[in-house]
Amino acid sequence: MTGYAQRSSPDRVLTRPDRPALRIIQRCSLGSPISPVLANLFMHYAFDAWLARTYPGVAFERYADDAIVHCDSRSRARHVLAALDDRMGQVGLRPHPTKTRIVYCKDSNRRGSHEHTSFTFLGYTFRARKARSRHGKFFTNFLPAISKEAQKKVSGQVRRWRLHLRTGHTLDELARKINPIVRGWAQYYGAFYRSALLPLLQRINAYLVRWLRKKYKRLRPFHKALACWQRITRQRPGLFAHWAWTSNAWR
């Protein structure tokens with residue numbers, strides 16, 4: 001059993017143009033002793049079933065003790081938030097005092113002001129971002145992209161690989177080692193606003209260029225290593241999973 005409950009699919013509700021203008025971001029602490037299965041059963045009763053019964057027209061998503069509730073007006077959001085506070089108190093929980101808040105989904109059509117205009121959920125940060133229509137016109141949309149916390153976590157793992165020091169391995173061996181992991185990152189964090197993920201993928205390429213320069217003396221000059229890199233990516237474009245996204249490497 002997973003810790004995820006939803007009234008509608010996130011890729012349709014969280015990113016669609018006609019979504020509600022405000023969202024309530026709620027986080028509660030269940031404590032570490034309780035098992036994930038029991039915690040999810042409890043939250044299903046305490047949160048999911050109650051919200052569906054009390055506000056049947058309100059869409060929501062929940063993962064473990066993090067939830068998003070969609071509202072179409074500020075007054076509605078305040079009313080639902082107050083009711084959620086009461087409900088959590090009834091079941092012995094208390095919403096997080098700083099992480100539970102009302103967020104305004106600002107974009108080109110919603111230009112009002114609000115204290116909070118972004119939130120993070122499941123490794124994505126939702127906020128106003130530059131977008132381009134199918135006709136090539138730029139506008140501002142409320143979109144998800146990999147969060148700074150997720151970027152830091154992924155970047156730390158790439159750094160711990162120390163690819164540039166693995167000169168006892170071949171490129172094929174390095175590819176077999178990291179491809180399953182990098183492919184998973186790309187599929188998950190690249191599902192929306194994939195350009196935000198490119199710097200991380202290019203960092204992997206930079207480590208691989210450093211690997212070339214350390215492994216082969218003749219490639220110590222950067223321009224020679226870069227020429228070799230371009231030749232490899234051209235001749236074997238599928239060697240590394242992320243080369244389908246970018247083969248550029250920043251220095």
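**Salt bridges and the surface**

Author: R62 is buried, as its relative accessible area is 1%. Buried means under 20% relative accessible area, exposed over 50%, and partly exposed in between (1.4 Å probe, protein chains only). The model is predicted: local features need pLDDT of at least 70 and side-chain atom pairs pLDDT 80 or more, while totals for chains, interfaces and linings use all residues. Residues are numbered from 1 along each chain as its sequence is written, and side-chain values use heavy atoms, leaving out hydrogens and water.

The side chain of R62 meets that of D48 in a salt bridge, with 2.7 Å from N to O. The two residues are 14 apart and link distant parts of the chain, R62 being in strand β3 (residues 60-63) and D48 in helix α2. Helices (H or I, at least four residues) and strands (E, at least two) are DSSP runs, numbered from the N terminus. D48 is also buried, because its relative accessibility is 4%.

A salt bridge here is a side-chain nitrogen of Lys or Arg within 4 Å of a carboxyl oxygen of Asp or Glu. The rule gives three of them. In another, the side chains of D107 and R110 meet at 3.2 Å, N to O. D107 and R110 are both buried.

The salt bridge of R236 with D172 has its closest N and O atoms 2.7 Å apart. R236 lies in the segment after α7 (222-235) and D172 in helix α5 (residues 171-189), so this pair ties together parts that are 64 residues apart in sequence. R236 is partly exposed, at 39% relative accessible area. D172 is partly exposed too, at 29%.

Patches are made of residues with over 30% relative accessible area and no salt bridge, joining like charges within 9 Å and nonpolar side chains (Val, Leu, Ile, Met, Phe, Trp, Tyr) within 5 Å. A patch of positive charge on the surface gathers R210, K214, K217 and R220. Lys and Arg count as positive, Asp and Glu as negative, with His and the chain ends not counted; a charge is placed at NZ of Lys, CZ of Arg, CG of Asp or CD of Glu. R210 belongs to helix α6 (residues 198-215) and is partly exposed, at 39% relative accessibility.

Helix α2 (residues 36-54) also holds L38. With V37 and L41, L38 forms a nonpolar surface patch of about 260 Å² accessible area together, by the Shrake-Rupley method with a 1.4 Å probe, only the protein chains shown counting as cover for residues. L38 is exposed, because its relative accessibility is 52%.
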